[in-house]
Amino acid sequence: MLDYTHDQAATSWVQVPAGNDFPIQNLPLGIVKPKDGKARVVVAIGDQVLDLAKLADMGPFDGLAGQALNLCRHEHLNPLAAAGVAHRRALRLALFGILSAEAPRSMVNQVRECLRPAVQNEYLLPFEIGDYTDFYASLDHAINVGRAFHTDYTLPSNFTHMPIAYHGRASTVRVSGTSIARPIGQHAPQGGAAPVLAPSTALDFELEVGVFIGTGNVPDIPIPISAAREAIFGLCLLNDWSARDLQVWESRPLGPFLSKSFATTVSPWVVTPEALAPFRCEISRPTGFPGPPEYRKSPGLDST
């Protein structure tokens, strides 16, 4: 759904450097820790961050936006995400209003007190992550990775019918920029010899998209595909780290184990579905490639 926050001509009274990823149309959320304080929920605008906990103390918003802002007093985004879509949208609209070049001067003076340069902060994980699932969803990725192990690789027969995924290790999800130790594990034996324990020599990472679920489901009651979009709080860039040489040996038959669970890194910034709305497009599939089965289809959702 597009609204005035998507106007490409809109500008902010906060100076946004040319080419910056955080114009007023974006307003991603994250968690930072100032050098002299505790973790804070912030929104990025240009090369500044707006401290939402400090802003909440000023009480600038009413209604859903005010309720949402109060949920930003926590040290992670979980409470805000759990509140649902209406609160997130109301907060975006309200933040856009006070950061817009059209904002009242009295409001600008208040909000300016809540800004600080982004470089003065340590970036933290945006969420307390209780569970993590890695989906094998991209056709190009599935083919390329498969051929890296087997030159005659063909897609598994279930790939076109259901999501293929495995549980990752939530405790190893870290924020981008964190140092990653090279994993040590068993390497495939050559010529029937015993496997060798050694550091990985085929470290790899895949650029992927991370999806944060805001509102979950009651156990045993699934979320229907028609309501799936409403459960998504935001997206981020994600690097899925892999030790390919260890993976070859571990993936017989169940794996992978340590080769795929030692690290996953995510961007500190969570971009909301509202910010991405202008970029939605229809999914393209190769000629003759089947779409999902009927129970996974819903009008208006066959786009990304």
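Tutor: This predicted model holds seven aromatic pairs.

Student: Why is the pair of Phe127 and Phe212 called stacked?

Tutor: The ring planes of Phe127 and Phe212 stand at 20°. Planes under 30 degrees apart count as stacked. The ring centres are 4.5 Å apart, and the limit for a pair is 6.5 Å. So the pair is stacked.

Student: Where in the chain do Phe127 and Phe212 sit?

Tutor: Phe127 is in the loop between β5 (121–124) and β6, and Phe212 is in strand β11. Phe127 and Phe212 are both buried.

Student: What makes the pair of Tyr136 and Phe159 edge-to-face?

Tutor: Their planes meet at 90°, and the cut-off is over 60. The centres lie 6.0 Å apart. Tyr136 is in the loop between β6 and α6, Phe159 in the loop between α6 and β7.

Student: Is Phe159 buried or exposed, and how do you know?

Tutor: Phe159 has a relative accessible area of 10%. Buried means under 20%, so Phe159 is buried.

Student: Why is Tyr136 called partly exposed?

Tutor: Tyr136 has a relative accessible area of 23%. That value falls between the 20% and 50% cut-offs, so Tyr136 is partly exposed.

Student: What makes Asp36 count as exposed?

Tutor: Its relative accessibility is 73%, and exposed means over 50%. Asp36 is found in the loop between β1 (29–34) and β2 (40–45).

Terms used:
Residues numbered from 1 in each chain as written. Predicted model: local features only at pLDDT ≥ 70, side-chain atom pairs only at ≥ 80, totals over all residues. Heavy atoms only, no water. Helix = DSSP H or I, 4+ residues; strand = E, 2+ residues; numbered from the N terminus. Buried < 20%, exposed > 50% of the residue type's maximum accessible area, 1.4 Å probe, protein only.
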